[in-house]
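Q: Please take a close look at the pockets of this model, and at the ligand in particular. What lines each pocket, and what surrounds the ligand?

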Amino acid sequence: MPVAPFDFSSLLPAGLPPAAAKWNGAARYNFIGGNNDPAQIPVDALAAAATAVLTREGPTLASYGLKSGPQGYRPLREFIAGKLKRDAAIACSPDDILVVSGSLQALDLINGVLLARGDTVIIEQDSYQGALNRLTRLGVNTVGIPLDGEGMRMDALATALQDLKRKNIQPKYIYTIPTVQNPTATIMSEQRRAELLRLAGEYGVAVFEDDCYADLVWDGRRPPAIYAMSQSANVIHVGSFSKSIAPALRVGFIVAPWAIMSRMLALKTDAGSGALEQMVVAEYCAPHFATHVPALRKGLRRKVETLMETLNEQFGTAAEFEDPKGGIFLWVKLPDNVDTMKLYQAALKEGVAINPGNEWSTDKSHSSSRLRICFASPTHEQIREGVAILAEVCRREFGVPTRSANVEKARA
Ligand SMILES: Cc1ncc(COP(=O)(O)O)c(C=O)c1O
């Protein structure tokens, strides 16, 4: 006799996020998520690194944390410290670094030690969905600060801080993605970074610097990290190898003063992030990172040029965007009557997946006609074909663009 499956639903506590949907495979034209270019994964060198490091140090896998302790594989932390000094002007030692399972774990640890339900944080108005969703789930209020071509606007930040003070609300942190912002791809100037620190100091607020795209500035030159510019150790800096090597590796890191690092370490109860990934990344990076990343950037730049060209051909003036300063995303504004949530649903039926703006913003009226396009993972051909289909769907659903490939089309 068949046995009825056990019913777990009555056991679930209140407040869980909604159930996850089953994965049915990626869309044919996949412009969503923060995926990278499959053609640019250094497979042979990663395989060689894995063989070399395992042959040399394999027996250390017998201990949790290898022989490096709970903060992560020491040679990886040494590489990160050197890289941060070279690229971001951060002076830190391997002891100031905690290796985590992707920077998403950093978000959870930082939120875990700093936030409680009802707290307030300041965040760029258009921001990373993973950060926004976490804050919503925690019951934390967000104050969105508009951006311009130089990132978060400091006049708006000053007003928001003043406003909150007047209401007796002490924000817990200012969350910023200053170096190739997600989704706008802007870079906060050094002057603005200094002003942000001045304001944070004046109002006694911590700064959470999420710098996971910092390796992907087209010309390789970036302003110093906010962490490096702080005189008062009020910044927590987060980085990742997801965008510079591969997101599936799940290797990220936190740089923070020990006072707060020690609290995060106490919350990181997974007995260490994946050891093989850490070993392979360290072994690969020491000889290859400096040449791999410029080649990756070059390939990504070519892809965004294909994307911008195709958008111009297919959408004409209906698609507005700034030439991004680096990264893997283009943030596109369509005419006000286009609801990108509906566009997303209609396009998905035709095999084209896009990220609708509302999921990437604190201000739904600002973002409902915007969309984010990841150009790193599709091929050039998929970019051309996918954007052409997207334009057809948009025309059918919303009557724009009226022109395509310089040919006037009858309104649907
Ligand atoms: C701003 C930002 N932070 C963090 C992450 C998470 O990255 P990972 O956990 O792969 O390091 C992403 C991924 O897209 C991101 O865009």
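A: For the classes used here, Ala, Val, Leu, Ile, Met, Phe, Trp, Tyr, Cys and Pro count as nonpolar, Asp, Glu, Lys and Arg as charged, and the others, Gly among them, as polar. On that basis the lining of the second largest pocket divides into eight nonpolar, five polar and eight charged residues. The model is a predicted one. This second largest pocket has a volume of about 440 Å³, and 21 residues line it, with Thr-184, Thr-186, Glu-322, Trp-331 and Arg-370 nearest its centre. Strands β5 (147–148) and β11 (329–333) each supply at least two residues of that lining, and β11 gives the most, with four.

The largest pocket has a volume of about 740 Å³. Its lining comprises 36 residues, and those nearest the centre are Ile-32, Gly-33, Gly-34, Gln-129 and Arg-372. By class, 18 of the lining residues are nonpolar, 13 polar and five charged.

The ligand sits in the largest pocket. Around the ligand are 14 residues, the closest being Ser-103, Asp-210, Tyr-213, Ser-240 and Ser-242. This shell holds six nonpolar, five polar and three charged residues. A polar side-chain atom of Ser-103 is 2.6 Å from an oxygen atom of the ligand, and a polar side-chain atom of Arg-250 lies 2.7 Å from an oxygen atom of the ligand. An N or O atom in the side chain of Asp-210 is 2.7 Å from a nitrogen atom of the ligand. The protein covers 95% of the 400 Å² of accessible area that the ligand has on its own.

Terms used:
Residues numbered from 1 in each chain as written. Predicted model: local features only at pLDDT ≥ 70, side-chain atom pairs only at ≥ 80, totals over all residues. Heavy atoms only, no water. 1 Å grid on protein atoms, 1.4 Å probe; cavity = no way out; pocket = protein on both sides within 12 Å on 5 of 7 lines; lining within 4 Å. Points joined across faces, edges and corners; volume = space filled by probe spheres on them. Near = heavy atom within 4 Å. Polar contact = N/O pair within 3.5 Å; in protein donor to acceptor, adjacent residues only side chain to side chain. Areas by Shrake-Rupley, 256 points an atom, 1.4 Å probe, with all protein chains shown as cover. Sits in = over half its atoms within 2 Å of the grid points.
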